[in-house]
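Subject: Structure handover

Hello,

Here is the structure I said I would pass on. Please have it open while you read the notes below.

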Amino acid sequence: MGHIRIAKASGFDITSADGVLSVKIENTDDIVIAYSGGTKSTIVGTGLDQTDAQLVINAIDIMDGAAGPAPLVELSTKSIEISGALLP
């Protein structure tokens, strides 16, 4: 399973790069990754924007279906939280 690492102030979090349907900004500055299995990952951080979303997209493009070391994505802030949930 391909995944990407998102840099945080204290290390990193991991999210899947497989089965991605979309990556978009929601609620002004959250990045939401929707997956084909009916789930999503939400990256919450103050000031995240389309440039940050594009960094996530670029890393997913590298890892989708691949194996090996996951790229470390450094967003405009490292004060982030990542959560997972079912799509509504």
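The face of helix α1 turned away from its buried side carries Thr-51, Asp-61 and Ile-62, which are exposed. Exposed means over 50% relative accessible area, buried under 20%, and partly exposed in between, with a 1.4 Å probe and protein chains only. This is a predicted model, in which local features need pLDDT of at least 70 and side-chain atom pairs count only at pLDDT 80 or more, while totals for chains, interfaces and linings use all residues. Residues are numbered from 1 along each chain as its sequence is written, and side-chain values use heavy atoms, leaving out hydrogens and water.

Helices (H or I, at least four residues) and strands (E, at least two) are DSSP runs, numbered from the N terminus. Helix α1 covers residues 50-63. Its buried residues are Asp-52, Ala-53, Val-56, Ala-59, Ile-60 and Met-63. Seen down the helix axis, these fall within an arc of 120 degrees, so they line one face of α1; the arc is that of the directions from the axis to the C-beta atoms. They pack against β1 (3-8), β3 (20-26), β4 (30-35), β5 (39-45) and β6 (72-73).

The other residue to look at is Thr-15, in strand β2 (residues 11-16). Thr-15 counts as buried because its relative accessibility is 5%. Leaving aside residues up to four places away in sequence, Thr-15 touches His-3, Ile-4, Ile-33, Tyr-35 and Ser-41, where contact means heavy atoms within 4.5 Å.

Regards

Notes
Expected span 1.5 Å × (residues − 1).
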